[in-house]
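Thanks for making time this morning; I would like to walk you through how two chains meet, and I will take the interface piece by piece. Please have a look at the model first.

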Number of protein chains: 4
Amino acid sequence: MSTLGIAVIGTGKMGADHVRRIGRTVGGARVVAVADPDGDRAGRVAAELDGAGAYTDPAAALAAPGVEAVLIASPGPAHEEAVLHALERRLPVLCEKPLTPDAAGALRIMEAEQRLGRRLVQVGFMRRHDAEYEELKQLLDAGGIGRPLFLHCRHRNASSPAFFTSDMLISDSVVHEVDAARWLLGQEVTAVSVLSPTPSSAAPEGLRDPRLVLLETSGGTVVDVEIFVNCGFGYQVQCEAVGESGSARIGDGHAMVVQGAGRWGGEIAQDFTVRFAEAYDRQLRRWVAAAGHGRVAGADAWDGYAAAAVSEAGLAAARSGVRTPVELVERPPLYR
Amino acid sequence: MSTLGIAVIGTGKMGADHVRRIGRTVGGARVVAVADPDGDRAGRVAAELDGAGAYTDPAAALAAPGVEAVLIASPGPAHEEAVLHALERRLPVLCEKPLTPDAAGALRIMEAEQRLGRRLVQVGFMRRHDAEYEELKQLLDAGGIGRPLFLHCRHRNASSPAFFTSDMLISDSVVHEVDAARWLLGQEVTAVSVLSPTPSSAAPEGLRDPRLVLLETSGGTVVDVEIFVNCGFGYQVQCEAVGESGSARIGDGHAMVVQGAGRWGGEIAQDFTVRFAEAYDRQLRRWVAAAGHGRVAGADAWDGYAAAAVSEAGLAAARSGVRTPVELVERPPLYR
Amino acid sequence: MSTLGIAVIGTGKMGADHVRRIGRTVGGARVVAVADPDGDRAGRVAAELDGAGAYTDPAAALAAPGVEAVLIASPGPAHEEAVLHALERRLPVLCEKPLTPDAAGALRIMEAEQRLGRRLVQVGFMRRHDAEYEELKQLLDAGGIGRPLFLHCRHRNASSPAFFTSDMLISDSVVHEVDAARWLLGQEVTAVSVLSPTPSSAAPEGLRDPRLVLLETSGGTVVDVEIFVNCGFGYQVQCEAVGESGSARIGDGHAMVVQGAGRWGGEIAQDFTVRFAEAYDRQLRRWVAAAGHGRVAGADAWDGYAAAAVSEAGLAAARSGVRTPVELVERPPLYR
Amino acid sequence: MSTLGIAVIGTGKMGADHVRRIGRTVGGARVVAVADPDGDRAGRVAAELDGAGAYTDPAAALAAPGVEAVLIASPGPAHEEAVLHALERRLPVLCEKPLTPDAAGALRIMEAEQRLGRRLVQVGFMRRHDAEYEELKQLLDAGGIGRPLFLHCRHRNASSPAFFTSDMLISDSVVHEVDAARWLLGQEVTAVSVLSPTPSSAAPEGLRDPRLVLLETSGGTVVDVEIFVNCGFGYQVQCEAVGESGSARIGDGHAMVVQGAGRWGGEIAQDFTVRFAEAYDRQLRRWVAAAGHGRVAGADAWDGYAAAAVSEAGLAAARSGVRTPVELVERPPLYR
């Protein structure tokens with residue numbers, strides 16, 4: 001059992017988390033290089049590791065000795081260039097979502113992969129690795145509730161960071177439901193509508209929060225997503241699938257029930273790092289195992305592209321107030 | 001403590017149920033007359049009662065000795081005439097929903113009440129008398145979850161009767177959510193949209209079942225209603241209110257939890273008579289108590305009118321596929 | 001449909017409640033006489049009724065015109081005399097629990113009934129009329145979880161009244177579980193043990209609260225009862241039955257789920273009048289229907305006797321600290 | 001970051017599992033030697049590893065190059081000798097429970113550690129590493145429900161293996177609750193009683209299954225444990241702590257709720273490998289991190305001894321049918 005040498009591009013909160021995960025919970029892998037425009041930050045992360053180099057240039061990190069795979073956790077606009085560099089070196093890539101901020105960039109990545117004739121890029125939609133989502137997926141695939149008619153989704157954050165914009169409710173948050181819906185249903189999204197209640201007074205001035213985003217799919221399923229990034233009470237991701245013969249709900253998160261002072265109940269997780277900690281671990285373990293064999297074990301570049309295209313339509317629907325169709329290119333054979 | 005003499009108009013399933021309820025679970029009231037176009041049926045119901053007369057003509061029943069109040073359980077198209085007769089006699093009325101099939105008929109009833117200068121008509125929206133709905137209403141009124149932003153509603157029946165049409169999903173089923181939303185929020189509905197997944201293969205040929213009905217309200221709340229009348233697994237009415245500082249959900253109906261054969265869970269009620277039995281009882285008890293003092297203890301004629309107007313807009317939205325505004329007359333002083 | 005004339009003996013909290021129930025939620029019955037040693041209190045209750053007489057002597061109330069049945073809600077030590085008077089007049093009786101404070105008194109009532117050759121006495125163990133208990137009973141009777149091996153019971157009160165003693169935890173509180181267990185299982189209790197943790201500091205000085213009471217039954221089932229009358233957080237009655245092929249739990253009481261401030265959950269009922277309101281209503285309705293035909297529709301005098309005998313053994317076990325067998329007389333044919 | 005070299009003693013189901021865990025989910029550790037009396041089995045496990053030696057003699061494995069810590073997963077009777085060998089080499093040990101089958105063996109291990117003056121032995125009570133148990137422990141330690149009065153525990157297996165005996169219900173199964181109760185409460189067990197319903201007909205002939213085991217503790221808490229190893233419906237470990245001001249329950253395991261065919265509910269885990277998979281992972285990660293610094297990160301030899309002593313008293317109580325006190329030696333300073 002040899003260990004896979006990984007270069008981590010981006011050592012902010014997410015990148016540093018991944019470095020820690022690889023050290024602590026993933027056997028068979030080690031970080032051999034890190035890159036960040038902030039060289040001090042890269043250096044601090046590398047110093048915790050045994051013999052890893054620190055770089056400011058991603059390309060230099062990819063060229064470092066022992067690099068066999070790349071984990072990209074830099075900001076979205078930097079993804080395309082880093083992914084293309086990795087593909088030039090035929091390195092397996094795990095790229096944090098979004099693959100690219102727009103559909104056009106994702107198409108260029110798909111073209112590069114097609115030239116190589118191999119899928120090397122995996123996108124970090126980590127819900128596909130969450131135990132509850134997997135249980136729901138297995139139930140749907142087994143026909144346990146019949147053909148799906150609705151997905152009712154809730155996506156709530158206690159509060160949004162200062163830089164969050166009305167567009168990001170769709171492109172940064174609902175994009176998770178877009179991928180989850182596509183994956184759960186095995187269908188593409190064909191149209192998007194957006195309904196907006198009067199914004200919550202708890203939301204920052206000017207932020208259209210919350211919203212109800214409605215997706216229609218190629219298989220005739222309707223998906224409604226409540227996105228509410230300043231709900232105040234915690235982080236909550238729920239999904240109820242309603243099929244022709246039954247329904248199934250995940251995401252209640254009710255492990256310990258406490259009674260006291262006239263009430264029963266429990267705590268709500270405050271953060272995705274609590275809710276999806278294990279999903280991040282499993283994503284990394286699966287990617288390491290697959291990357292060692294040059295394979296993808298999650299969302300691929302097509303999935304990254306489709307998510308970007310639905311996001312673009314969603315933003316248009318939010319602005320216009322009317323239902324907006326989603327236009328996708330024909331799916332290339334490599335991604336079928 | 002004297003007892004209130006009630007005439008029951010209509011002795012089908014619903015009317016006969018009400019007669020039994022009055023005898024069994026409502027102190028202080030007795031049925032003194034019943035009317036049904038099917039005189040045999042009226043006679044059979046009357047025979048179970050002590051000294052009640054049976055009639056084929058509703059007007060004759062209203063004129064029978066001892067009649068102090070009227071319960072109308074005839075088919076919807078017969079409601080307007082019966083209500084107007086009762087108003088002529090200044091009798092308190094409990095009228096099963098819908099008050100009238102169309103908004104115009106409800107307006108005529110409102111005019112008759114305004115001429116009398118009194119509200120005598122109560123509409124049988126029994127959810128207002130359900131313990132869980134009342135708990136939710138109290139929480140909202142007390143500001144327990146802040147200003148409401150969303151109501152997420154589920155309304156499911158195991159199967160629909162043979163006569164059920166696509167229109168009735170809205171005018172007969174969702175109308176309950178229309179009234180419940182208006183009552184819970186204290187707001188009027190201002191627009192309706194309808195989204196339709198591919199119909200369930202379990203639905204009868206030609207029935208557009210299920211649907212997602214979206215209501216917008218005068219206070220900026222968005223209400224989504226899944227109506228699914230052939231869900232197969234039972235009768236289920238759920239509502240989650242999401243406010244600026246919290247959420248609250250009713251309708252899970254999880255009393256007994258059973259474990260066996262690798263599974264935990266419980267039974268789902270198969271019928272509204274099970275789920276709302278106690279709400280029907282309480283509605284009757286409250287109406288009897290209020291009617292004795294010439295008062296209304298539930299939805300009034302304005303509520304009946306508003307529900308009919310939203311139904312009309314909902315049917316138009318379902319046909320056109322686009323968002324349809326709801327137009328209401330100005331609310332008369334009697335109903336403020 | 002004529003109405004059953006009822007004499008109510010005892011017009012304290014419980015008796016006055018019953019009078020209100022009969023007026024409000026029980027069709028086909030009316031209170032025609034009330035008795036209380038406190039004549040003023042009896043008078044005030046009677047004044048709310050239409051033509052009911054007020055008495056200080058129970059015997060006089062039983063002899064009042066129109067009395068066809070008797071509801072006894074006086075303190076336990078007064079029950080035996082009142083029941084025997086009613087039996088002399090061959091009147092159906094609904095007697096609040098306990099039937100008598102000791103087994104010997106209950107035996108004398110059984111003897112009186114046997115002389116009449118009829119069962120006229122029903123004991124107010126209202127859990128037999130609770131919808132959740134009935135659901136559990138039906139499941140057990142249908143073999144839904146196989147032969148019962150355990151009942152795990154929780155019986156909690158927010159706080160105990162000032163007059164409550166350590167003995168009353170068993171004779172007044174656990175006696176409900178004794179009857180419920182006998183009824184659910186169709187078995188007699190054969191031995192009692194009691195384990196006592198260090199008393200809660202929230203319990204009044206000197207009160208042995210909480211306790212764990214262990215019952216063994218004639219069918220080899222083990223019943224454990226947590227009795228905790230100063231738990232602080234509410235009124236809670238739960239029961240999990242564990243059988244050879246499954247388990248079933250009632251009493252969670254989780255109707256509305258609220259989320260806010262980092263927590264999910266709901267309210268806990270604070271009082272048995274909330275938790276068992278409907279059971280009291282149904283008990284009265286069933287008794288009125290049965291009493292009209294001279295029948296019993298709930299626990300009978302044998303059940304009252306058996307509960308008293310188990311209580312006596314429980315008190316002995318609590319004092320001695322060792323397992324104490326329960327001795328019952330042979331069950332007379334009238335009660336089989 | 002160097003990696004800790006581990007010798008694994010015993011390569012049966014449990015040992016092979018641990019080897020896989022170390023390779024897959026524990027960063028910073030590698031297996032360098034395995035031992036099993038069945039040399040072929042040891043060889044097959046070693047062949048999957050990169051450069052690990054296979055041995056039939058545990059002592060030889062401990063002496064292999066690169067061994068820095070020892071994981072013992074051999075049968076219980078072999079533990080004492082292997083632990084003592086490891087202590088001679090001053091190697092950190094993770095020993096599967098029970099530390100030894102009897103209290104006397106555990107005392108000898110404690111003596112060896114005391115001679116070394118260091119605690120090097122950790123016992124594999126993995127519930128201490130389960131997220132739900134940890135949440136409950138934190139709540140209790142923070143006084144969230146006040147001083148604990150009861151622990152109500154359920155421990156159920158779908159079925160027991162062929163070799164399972166009536167004694168093993170206590171020494172092999174309830175021993176987990178013994179350790180969990182000691183750890184949750186920070187108290188020692190002072191007495192044990194056992195109540196036995198008629199055995200389930202689903203249990204093998206002669207097996208006294210299920211049982212109710214009652215523990216009393218030094219702090220006046222009462223612990224009841226339902227142990228039922230042939231419940232048929234799954235693997236279930238639940239615990240409700242009842243304190244002076246509230247209660248808390250873990251172990252419901254209700255992640256996904258499915259509705260269909262008139263029922264709501266979900267699946268019950270069938271196996272401890274599902275329920276406690278993550279606890280085993282975390283136990284290993286914590287032990288690896290602690291062992292690198294010569295520390296213990298879980299139950300120590302004293303905990304192993306106390307569990308063995310309570311087991312011995314439990315077996316005596318089961319045989320005699322009466323409450324049996326637990327006698328412990330004075331706790332040596334090394335373990336305070």
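**The interface of chain A and chain B**

Let me begin with one pair, A:Glu240 and B:Arg156, whose side chains meet in a salt bridge at 3.2 Å, N to O, where a salt bridge is a side-chain nitrogen of Lys or Arg within 4 Å of a carboxyl oxygen of Asp or Glu. This is a predicted model, in which local features need pLDDT of at least 70 and side-chain atom pairs count only at pLDDT 80 or more, while totals for chains, interfaces and linings use all residues. Residues are numbered from 1 along each chain as its sequence is written, chains are lettered from A in the order in which they are written, and side-chain values use heavy atoms, with hydrogens and water left out.

Across the interface of chain A and chain B, the rule finds four salt bridges. The contact, meaning heavy atoms within 4.5 Å, takes 38 residues from chain A and 38 residues from chain B. Between them the two chains bury about 2,600 Å², with 59% of it on carbon and sulfur atoms; buried area here is the accessible area (1.4 Å probe) that two parts lose on being put together, summed over both. Of the area that chain A buries against chain B, A:Phe150, A:Leu195 and A:Glu244 supply 19%, more than any other three residues.

Why do the copies meet through the same surface? They do so because 100% of the interface residues of chain A are also interface residues in chain B.
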